[in-house]
Amino acid sequence: MSRNPRTGFKGNKASLPSKPCAVCGRPMSWRRAWAKNWEHVRYCSEACRRQAKAQRHASPGGGV
Ligand SMILES: [Zn+2]
């Protein structure tokens with residue numbers, strides 16, 4: 001028996017793009033739902049999204 005190396009293996013997670021979340025820093029894997037706006041996706045979840053907004057909203061007041 002001989003083994004035939006198959007190329008083009010589908011379902012390779014390593015081939016999928018990934019980037020760290022802007023809030024928690026966890027690597028988020030590419031999702032099909034993000035295919036259209038993958039470049040604009042910065043947060044891994046809605047929670048991080050809210051957190052980022054909250055941090056941005058909470059601006060330090062200069063009144064001591
Ligand atoms: Zn996150």
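Trainee: What share of the 64 residues in the chain is buried?

Mentor: Buried residues make up 3% of the chain. Keep in mind that this is a predicted model.

Trainee: What makes a residue buried, partly exposed or exposed?

Mentor: Count the other C-beta atoms within 10 Å of its own. With 20 or more, the residue is buried. With 12 or fewer, it is exposed. In between, it is partly exposed.

Trainee: Let me try that on Arg31. Why is Arg31 called exposed?

Mentor: Arg31 has 11 C-beta neighbours inside 10 Å. The cut-off for exposed is 12 or fewer. Therefore Arg31 counts as exposed.

Trainee: Where in the chain does Arg31 lie?

Mentor: Arg31 sits in the loop between β2 (27-29) and α1.

Trainee: Why is Lys19 called partly exposed?

Mentor: Lys19 has 14 other C-beta atoms within 10 Å. Exposed needs 12 or fewer, and buried needs 20 or more.

Trainee: Which element holds Lys19?

Mentor: Lys19 belongs to strand β1. From Lys19 to Glu39, C-alpha to C-alpha, the distance is 9.9 Å. In sequence, these two are 20 residues apart.

Trainee: What makes Tyr43 partly exposed?

Mentor: Tyr43 has 18 C-beta neighbours inside 10 Å.

Trainee: Which residues does Tyr43 contact, leaving aside neighbours within four places in sequence?

Mentor: Tyr43 is in contact with Cys21, Ala22, Val23, Cys48, Arg49 and Ala52. Here a contact means C-beta atoms within 7 Å. Tyr43 itself is in the loop between β2 and α1. The C-alpha atoms of Tyr43 and Cys24 are 8.2 Å apart, though 19 residues separate the two along the chain.

Trainee: How do you know that the chain follows the pattern β-β-α?

Mentor: Read along the sequence. The chain has one helix and two strands. Helix α1 covers residues 46-57, and strand β1 covers residues 18-20. Strand β2 covers 27-29.

Trainee: Which of these elements has the lowest mean pLDDT?

Mentor: Helix α1 has the lowest, at 88. Strand β1 has the highest, at 95.

Notes:
Residues numbered from 1 in each chain as written. Predicted model: local features only at pLDDT ≥ 70, side-chain atom pairs only at ≥ 80, totals over all residues. pLDDT = per-residue confidence, 0-100. Helix = DSSP H or I, 4+ residues; strand = E, 2+ residues; numbered from the N terminus. Contact = placed C-beta atoms within 7 Å.
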